[in-house]
Amino acid sequence: MDVDSETAAIKGVAYMDGRWMNLSEAAVPILDRGFVRSDATYDVAHVWKGRFFRLKDHVERFQASMAGLRMSLPLTGHQIADIMIECASRSGLRDAYVQVTCTRGMPPAGTRDPRLCRNRLYAFAQPFVWIADEAQRRDGLRMILSRTQRIPPESLDQRIKNFHWLDLTMGIFEAYDRDATIALLPAADGTVTEGPGFNVFVVRNGTLATPARGMFEGITRRTVMEIAEALQMRVEVRGVHAREVAEADEIFISSTAGGIMPVVNYEGRSVRDGRPGALTRRIEELYWARHEEPALSTPVPYAD
Ligand SMILES: Cc1ncc(COP(=O)(O)O)c(C=O)c1O
């Protein structure tokens, strides 16, 4: 595909540091430290059937990430939310992936002092992004335990959403090399952390467990915990050893990019009978049902 047809295929709307444009025209200045140093933070929310899911929670988490990286914007949380809503409404997309990014910006010519940069806001709405395709969501995913360790939280607080994705990206390559589609990254102590764009849950004897540390605290993960509480299921937030993943009755992943997705094969071996588990399915159903709740959703005011 040449560059022109590549960009023509991009659908969506972007807000680039104060200006609106088609997503196909959106470009970051090459000297922005967000690009040359991964000096950025971001958040991703989704719009489903014309409504944002947990928009306020996403904006609050984005603001916490900015504070963690010593970034600030002259915008309130409401104003950031309004920009995200406008991205969705201008795009016309009823099911959308909406990303908001704050970059450090550009240092004055000839300097590298991050304190001198004006932080910038970029946002865009594009068609919904799924980690797993339709068949994988129906039949379940094949997951491996990556040989690449997740960047440790002592080096980078993984609760701050960041662009340091090379460990995760190498995991994706490794998964494809080993006849799988997703990779779970371990920590140095043999526990597991998360994968590219998702958190992980294991079910054993009706109890859920999910890692406590070394990973991004997903809003989908939070929603799963709330659903489990409503179902009076026990949820343990603690170190989860790779061995426990191998012995689980059910495994699923959680992400804004697709919700709750079953894993039916781990390290080349079937998880129980190799079919998505009943608890996973129940949680998935309740997760999507929550998108209709007025307290958790925000309607997008479309022009048509
Ligand atoms: C590294 C990582 N872990 C976990 C998640 C899941 O977070 P959320 O459920 O808020 O989408 C994401 C983002 O989608 C992510 O990038």
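How many salt bridges does a search of the whole structure find? The search finds 31, a salt bridge being a side-chain nitrogen of Lys or Arg within 4 Å of a carboxyl oxygen of Asp or Glu. The structure is a predicted model, in which local features need pLDDT of at least 70 and side-chain atom pairs count only at pLDDT 80 or more, whereas totals for chains, interfaces and linings use all residues. Residues are numbered from 1 along each chain as its sequence is written, and side-chain values use heavy atoms, with hydrogens and water left out.

The protein chain is assigned two domains, domain 1 (3-127) and domain 2 (134-291); these bounds come from an automatic or database domain assignment. A distance of 26 Å separates the C-alpha centres of domain 1 and domain 2. Contact, defined as heavy atoms within 4.5 Å, links 21 residues of domain 1 with 19 residues of domain 2. The size of an interface is often given as the accessible area lost when the parts come together. Buried area is here the accessible area (1.4 Å probe) that two parts lose on being put together, summed over both. Between domain 1 and domain 2 this area is about 1800 Å², with 64% given by carbon and sulfur atoms. Within domain 1, the residues that lose the most area to domain 2 are Tyr-42, Phe-53 and Arg-61, which together account for 35% of what that side buries.

Polar interactions also cross the interface of domain 1 and domain 2. Eight residue pairs, both members at pLDDT 80 or more, are in polar contact between domain 1 and domain 2. A polar contact is a pair of N or O atoms within 3.5 Å; within protein, one must be able to donate a hydrogen and the other to accept it, and residues adjacent in sequence count only if both atoms are side-chain atoms. On the side of domain 1 that touches domain 2, at least two residues each are supplied by strand E3 (40-48), strand E4 (51-53), helix H3 (55-68) and strand E5 (96-103). Helices (H or I, at least four residues) and strands (E, at least two) are DSSP runs, numbered from the N terminus. E3 gives the most to this side of domain 1, with eight residues. By class, the side of domain 1 that touches domain 2 comprises seven nonpolar, nine polar and five charged residues; Ala, Val, Leu, Ile, Met, Phe, Trp, Tyr, Cys and Pro count as nonpolar, Asp, Glu, Lys and Arg as charged, and the others, Gly among them, as polar.

Two salt bridges are found across the interface of domain 1 and domain 2. A salt bridge joins the side chains of Glu-226 and Arg-54 at 3.0 Å, N to O. Arg-54 is located in the loop between E4 and H3 and is buried, at 7% relative accessibility; buried means under 20% relative accessible area, exposed over 50%, and partly exposed in between (1.4 Å probe, protein chains only). The phi angle of Arg-54 is near 55°, a positive value in a residue other than glycine. Ser-38, in the loop between helix H2 (33-36) and E3, likewise has a positive phi, near 50°, and is partly exposed at 27% relative accessible area.

Further salt bridges include that between the side chains of Asp-17 and Arg-118 (2.9 Å, N to O). Asp-17 lies in the loop between strand E1 (13-16) and strand E2 (19-22) and Arg-118 in the loop between E5 and strand E6 (120-127), so this pair ties together parts that are 101 residues apart in sequence. Asp-17 is partly exposed, at 26% relative accessible area, as is Arg-118, at 49%. In helix H4 (residues 77-91), Arg-90 and Glu-86 are four residues apart, about one turn of the helix, and their side chains form a salt bridge (2.9 Å, N to O). Arg-159 and Asp-157 form a salt bridge whose closest N and O atoms are 3.1 Å apart. Through shared partners, salt bridges join Arg-54, Asp-57, Arg-222, Glu-226 and Arg-290 into one network.

Thr-191 occupies the loop between strand E8 (182-186) and strand E9 (192-194) and is buried, with a relative accessible area of 16%. Its side chain makes a polar contact with the side chain of Asp-189 at 2.6 Å. Residues up to four places away in sequence being left out, Thr-191 touches Pro-186, Gly-239, Val-240, His-241 and Ala-242.
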